[in-house]
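Here is a short briefing on one protein model. Look at a pocket first, then at the charged pairs.

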Amino acid sequence: MLSQLKRVRLPALPAVTWLAWLLPVFAWAPLTYPGYFEFRSGFAPIFDLNDLARRPFDLSWSPSAGQAYDLLRGERALPYLAALFPRALGLSAVVSIKVLLGLAIMAGALGIFCWTRRRFGSWPALLAALVYAFWPFALSTVYERGAVAEIVLLGLLPLALWAADAACDSRRPGAVVALGLSLAAALWTQTGLALWFALILLVYLLLQPNGRRRALWGWLAGLLGGLAGLLPLIVQRGLGGGAWPDFASQFVYPHELLLASPLVRGTGDRPGYQLGLIACGLALAGLILARQAARRPADADEAGGAGGGNRLRIVWFASLLVLLLAFLSTTLAALLWRLLPFLARSLSYPWQLLLLTGPWLAWLAGLAGCLLLDLLPVHSRAAGTVPLFAGLLALALLGSYPQLNPPTTPVLVPDAPLAVFGDHELALLAVTTQGLPQPAPVVAANGSLSATNVVSVTVQWQALQPITRDYTVFFQAIGPDGAVWGQQDTMPLGGERPTSQWPPGQVVSDQYRVALKAGAPVGKYRALLGFYLYQTGERLRTATDDKVVLDH
């Protein structure tokens, strides 16, 4: 029996499959940094995960840090429910979010690999997987914006497309089930974007020559199942529709799609919208080579139908889809969005549609690798495969390498903000007070507190979204008689950093000091802290008040 057990061997994985697992490691390696990052989402993912951990069975729960509730535009609960598993194993909320992001990156890369390998073979599929894993817009979504739901969605899209192809090509019910589950999971992640993807997936299935009826049943089950899973949320909270950034101000200038700048943060800057020169170049090469192969039937047959009629239809579909989605994200489409305002209701920003171009750019890149391989002479194809793809893979990896150095923050991430001001605009992260209350007050001859006593506070602020107005900070010392005995009104950092220049996610530390006026009584003092608009005097509200009360 022991000798029989020794002969049992696990099936050996091809070297290309090992590379598909190993090379995307570079895409998530920055997540191993022990601290946290200066995401544009700030610490909101951590706050939301901790909030869900306190009430994991609340069916009406929705992420609320830095965003108003909205069924279509807002994030949904599935990514944070997934992050609860490492949280339940004793990992911190910061590490749990990082684990979730790393798994999403790997799921997307492996999903692209498995999807394209069915059509192009292992080496072109590896190229497609790396183009997707190191796609500049995906890296910007991870390391610049920190958009948790969108990152998870990027991991789900290739899995749904892989399942769609498998459902069309085989009679196995598991593929149909996988298609339905992946589409439902996308709806439970980012509903508005998932509905756009569901429409794209429907067209893709209708273009398939065989087995599309089975796949369409899986598509319909996933759509209905996903919407059914949202019913408890809809019943308890409705469709939402709170204040969101102005949609019309978020269009991308066409040249921004092809910028090659690295990930750099600064005051008042915009996130990266690059589709990537390498991804677009390989996709264009795939389109051109596919057209050439379609004119050579003998070569197309030798390539396993790479230039066949149905393949060419999918090539045109993928190419036109990328162009359409890119167009809809730019200023060129502003008039169209104004004519169809109901479409804008499904998105927070028009450039979110760029996320849906990723799988198709990767697919076209894989096609380019397949057809470039077919151009090699038959007698030298075996010897030329590794050098060809070594160069292409290095190009895909190194082209996005500057974006793998995201800005970090040394600030300790709190479990929850002390307060959030405005319409999910400004978070108060930490407060340290000095001189409140006075442990040994200096008493003047008349029995009043000496005017030399000073109350000071050191705070940490964080913008949770872009701020368009300059707010004034007020800091008041309230005596035991309820009167204001000291007050400071100032712009942040003495006017050097007005709130309109705070990049979302960056922590701003500031200090405020007030000297108590002569005649201030001895006793317990409180401090009030908040923001107001100096033009009108209107204060920014928190969830319960228009200020934060600091006492001992």
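**Pocket and salt bridges**

In this predicted model, 17 residues line the second largest pocket. Leu275, Cys280, Val322, Leu323 and Leu361 lie nearest its centre.

- The space in the second largest pocket is about 380 Å³.
- Its lining has 14 nonpolar residues and three polar ones.
- No charged residue is part of that lining.

**Salt bridges overall**
- Side chains of opposite charge can pair when their charged atoms come close.
- The whole structure holds 13 salt bridges.

**A network**
- Asp51, Arg54, Arg55 and Asp58 are linked in a network of salt bridges.
- Within this group, Asp58 pairs with Arg55, and their closest N and O atoms are 2.7 Å apart.
- Asp58 is partly exposed, at 26% relative accessible area.
- Arg55 is partly exposed too, at 35%.

**A link between two helices**
- Asp169 and Arg118 form a salt bridge at 3.0 Å, N to O.
- Asp169 sits in helix α9 (residues 148-169) and Arg118 in helix α6 (residues 93-120), so the pair ties together parts 51 residues apart in sequence.
- Asp169 is partly exposed, with 39% relative accessibility.
- Arg118 is partly exposed, with a relative accessible area of 36%.

**A buried pair**
- Arg145 and Glu150 meet in a salt bridge at 2.6 Å, N to O.
- Are these two residues buried or exposed? Both Arg145 and Glu150 are buried.

Definitions and conventions. Residues numbered from 1 in each chain as written. Predicted model: local features only at pLDDT ≥ 70, side-chain atom pairs only at ≥ 80, totals over all residues. Heavy atoms only, no water. 1 Å grid on protein atoms, 1.4 Å probe; cavity = no way out; pocket = protein on both sides within 12 Å on 5 of 7 lines; lining within 4 Å. Points joined across faces, edges and corners; volume = space filled by probe spheres on them. Nonpolar A, V, L, I, M, F, W, Y, C, P; charged D, E, K, R; others polar. Salt bridge = Lys/Arg side-chain N within 4 Å of Asp/Glu carboxyl O. Buried < 20%, exposed > 50% of the residue type's maximum accessible area, 1.4 Å probe, protein only. Helix = DSSP H or I, 4+ residues; strand = E, 2+ residues; numbered from the N terminus.
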